[in-house]
Amino acid sequence: MKAHRIETTLTEDGTLIIKDLPFQAGEAVEIIILETQTRPQEANLYPLRGKQPYRYDDPFEPAVLLEDWEVLQ
């Protein structure tokens, strides 16, 4: 099944017009209408930036103590 993406805008009365489809007359098609997501330039790509204070007391210490590793016992 081939998919074709076409972006368009509804008219004021809610009419949708799609022109120049790559199909032949009489060919059966399935139409799925999705609302366009926020465009990447409008989206906040870094939602946590500046929101939380991060502090690393000892960044080079292991996150887990060796005693916690059951495999090594």
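These are my notebook entries on a predicted model of a protein.

**Overall shape.** I started with the whole chain. The C-alpha trace spans about 70 × 35 × 15 Å along its principal axes. Next I looked up the radius of gyration, which is 27 Å for this protein, while a compact globule of 73 residues would have one near 11 Å.

**Helices and strands.** I went looking for secondary structure and came back with 0 helices and 0 strands.

**Burial.** What share of the 73 residues is buried? I got 0% for the protein.

**Aspartate 20.** I checked the backbone angles here. Aspartate 20 has a positive phi, about 60 degrees, although it isn't a glycine. Is aspartate 20 buried or exposed? Its relative accessibility is 76%, so I put it down as exposed, the cut-off for that being over 50%.

**Rings.** I did find a charge sitting over a ring, though: arginine 49 lies over the face of tyrosine 46. The distance to the ring centre is 4.2 Å.

**The largest pocket.** How much space lies in the largest pocket? I noted about 980 Å³. The pocket is lined by 25 residues, and the closest to its centre are His4, Arg5, Ile6, Ile32 and Ile33. I then sorted the lining by class: 14 residues are nonpolar, 5 are polar and 6 are charged.

Terms used. Residues are numbered from 1 along each chain as its sequence is written. This is a predicted model: local features need pLDDT of at least 70, side-chain atom pairs count only at pLDDT 80 or more; totals for chains, interfaces and linings use all residues. Side-chain values use heavy atoms; hydrogens and water are left out. On a 1 Å grid over the protein atoms alone, a cavity is a set of points where a 1.4 Å probe fits but cannot get out, and a pocket is an open set with protein on both sides within 12 Å along at least five of seven lines; lining residues have an atom within 4 Å of a point. Grid points are joined across faces, edges and corners, and a volume is the space filled by probe spheres set on the points. Ala, Val, Leu, Ile, Met, Phe, Trp, Tyr, Cys and Pro count as nonpolar, Asp, Glu, Lys and Arg as charged, and the others, Gly among them, as polar. A charge sits over a ring if NZ of Lys or CZ of Arg is within 6 Å of the ring centre and within 35 degrees of the ring normal. Helices (H or I, at least four residues) and strands (E, at least two) are DSSP runs, numbered from the N terminus. The radius of gyration is taken over C-alpha atoms; the globule rule is 2.2 Å times the number of residues to the power 0.38. Buried means under 20% relative accessible area, exposed over 50%, partly exposed in between (1.4 Å probe, protein chains only).
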